[in-house]
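Hi everyone, thanks for coming. Let me put the model up, and then we'll walk through a few spots together.

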Amino acid sequence: MTLIDGKLISKQVKEELKIEVDKIIAEGGKIPHLAAVLVGDNGASETYVASKIRSCEQIGFKSTLVRRDANATEEEVLEIIDELNKDEDIDGFIVQLPLPDHINVDKVIEAIDPKKDVDGFHPINIGRMAKGLPAYVSATPYGVLELMKRYDIETSGKHCVVVGRSQIVGLPMSILMQRNAYPGNCTVTLTHSRTKNLKEITLQADILVAALGKPEFITEDMVKEGAVVIDIGLTRVKDDSKKSGFALKGDVKFDEVSPKASFITPVPGGVGLMTVASLMHNTLLASKGEIYG
Ligand code: NAP
């Protein structure tokens with residue numbers, strides 16, 4: 001079994017980005033600039049945004065954080081987006097999800113200029129990705145592809161089973177794994193909460209991607225011997241032994257499943273760290289105008 005080390009690979013990706021940014025700056029080019037919009041006081045969101053800002057600093061990007069409290073109206077958030085769309089110094093920006101319930105998330109995402117949508121959540125970017133056109137690919141699925149590449153994981157002709165069909169994780173993951181490219185060329189099965197015979201299907205997976213948000217849901221009896229297991233799940237569970245009062249759990253019961261897997265991502269230390277690295281990658285693409293020119 002090979003443990004896929006997201007900590008190591010995300011560090012490598014960020015170091016490579018830093019080399020490129022240093023070169024751009026040395027040549028008098030524009031410093032890439034990422035903005036993040038954070039609405040409300042969700043603890044996990046605070047942590048994710050702080051880590052994105054820290055990564056910008058490490059790589060040499062400029063960053064801007066726009067904060068509003070949980071009472072911010074949809075109109076206010078849309079106004080912020082309009083300003084960020086027009087701000088010529090900002091290459092890309094993200095709106096950290098989830099948003100408070102009174103704000104329509106689709107309306108907010110659709111207000112983002114697709115050229116600055118470095119999270120790859122705008123329907124135009126999802127559509128372009130599905131057609132195989134240049135697009136910002138959402139950061140978590142992109143991070144998974146990067147891990148597969150760097151570990152030389154064979155994907156062509158394999159059966160990839162994705163558990164979870166969310167717009168930001170499971171669905172794009174399934175689209176990417178079926179495309180005629182590497183990583184890709186898989187036969188893909190996309191499963192969800194209405195899937196009746198889930199275990200029967202996961203047992204056929206050469207590559208199993210768990211993205212359902214149910215801690216330790218995937219157990220040993222659901223996994224084929226030699227499968228590649230990618231655990232995207234990241235749930236905070238109460239743990240009094242930790243200083244923070246919680247532990248992060250994946251969707252896979254790691255201790256049980258890892259002896260059967262050929263490759264497996266741990267949680268923490270797997271896909272999560274790659275998400276931030278991929279966002280940084282997309283921001284650099286945005287500043288170079290590589291997707292939309
Ligand atoms: P989500 O929007 O809640 O979607 C969960 C998906 O799982 C839904 O499609 C749901 O089916 C499906 N599902 C739920 N219970 C199931 C079951 N018993 N059997 C089969 N499918 C089931 O969640 P998400 O945003 O995709 O996130 C999924 C997980 O990934 C979460 O733990 C999240 O924290 C994590 N995540 C991690 C990163 C990272 O950087 N590592 C980034 C994003 C998300 P229905 O569609 O039928 O409801």
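So, which residues does Ser 55 touch, not counting residues up to four places away in sequence? They are Lys 14, Val 276 and Met 280, where contact means heavy atoms within 4.5 Å. Ser 55 sits in helix H2, residues 43–59; helices (H or I, at least four residues) and strands (E, at least two) are DSSP runs, numbered from the N terminus. Ser 55 counts as buried because its relative accessibility is 2%; buried means under 20% relative accessible area, exposed over 50%, partly exposed in between, with a 1.4 Å probe and protein chains only.

Quick housekeeping: this is a predicted model, where local features need pLDDT of at least 70, side-chain atom pairs count only at pLDDT 80 or more, and totals for chains, interfaces and linings use all residues. Residues are numbered from 1 along each chain as its sequence is written, and side-chain values use heavy atoms, with hydrogens and water left out.

Okay, on to the sheet. Six strands form an open sheet with parallel pairing, in the order S1-S11-S8-S7-S5-S6; two strands pair if DSSP finds at least two bridges between them. S1 (2–3) and S6 (187–191) are at the edges with a single partner strand each, so one side of each has no neighbour in the sheet.

Among the residues Arg 165 touches are Leu 190 and His 192.
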